[in-house]
Amino acid sequence: MGEVINLRRARKAKARVDAQGQAAANRLAFGRTKAERAAAAAEVDKRERALDGAKREE
């Protein structure tokens, strides 16, 4: 016979793991300083300007 498990504990453990995954995703998305966000935005703007400047007129 299989091992008996406590469903309440299993449910809470799964919720804990899911919450940790969500927290990690939030840290990546929102855990940057204002300077880091500004630098990333400047880099994107620079790339867009370089791409627009390289377009050929037809």
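Is Arg 47 buried or exposed? Arg 47 is exposed, with a relative accessible area of 56%; buried means under 20%, exposed over 50%, and partly exposed in between, using a 1.4 Å probe and protein chains only. The structure is a predicted model, in which local features need pLDDT of at least 70 and side-chain atom pairs count only at pLDDT 80 or more, while totals for chains, interfaces and linings use all residues. Residues are numbered from 1 along each chain as its sequence is written, and side-chain values use heavy atoms, with hydrogens and water left out.

**Overall form**

- The protein has 2 helices and 0 strands, where helices (H or I, at least four residues) and strands (E, at least two) are DSSP runs numbered from the N terminus.
- The radius of gyration is 23 Å, well over the 10 Å that the globule rule gives for 58 residues, so the protein is more spread out than a compact globule.
- That radius is taken over C-alpha atoms, and the globule rule is 2.2 Å times the number of residues to the power 0.38.
- The C-alpha trace spans about 75 × 30 × 10 Å along its principal axes.

**Surface**

- Of the 58 residues, 0% are buried.
- The protein has an accessible surface of about 5,900 Å², and 56% of this belongs to carbon and sulfur atoms; such areas come from the Shrake-Rupley method with a 1.4 Å probe, and for residues only the protein chains shown count as cover.

**Helix H1**

- H1 covers residues 7-30, which is 24 residues.
- From its first C-alpha to its last, H1 reaches 34 Å, close to the 34 Å expected at 1.5 Å a residue; the expected span is 1.5 Å times one less than the number of residues.
- At the start of H1, a side-chain oxygen of Asn 6 comes to within 3.0 Å of the backbone nitrogen of Arg 8.

**Salt bridges**

- The whole structure holds 3 salt bridges, each being a side-chain nitrogen of Lys or Arg within 4 Å of a carboxyl oxygen of Asp or Glu.
- In H1, Lys 14 and Asp 18 lie 4 residues apart, about one turn of the helix, and their closest N and O atoms are 3.1 Å apart.
- Lys 14 is exposed at 54% relative accessible area, whereas Asp 18 is partly exposed at 45%.
- In helix H2 (residues 34-53), Glu 43 and Arg 47 are also separated by about one helical turn, 4 residues.
- The closest N and O atoms of Arg 47 and Glu 43 are 3.4 Å apart, and Glu 43 is partly exposed at 35%.
- Asp 45 and Arg 49 form a salt bridge at 3.3 Å, N to O, and both lie in H2, 4 residues apart.
- Asp 45 is partly exposed at 37%, while Arg 49 is exposed at 51%.
- An α-helix has 3.6 residues a turn, so residues three or four places apart point the same way.

Definitions and conventions:
Polar contact = N/O pair within 3.5 Å; in protein donor to acceptor, adjacent residues only side chain to side chain.
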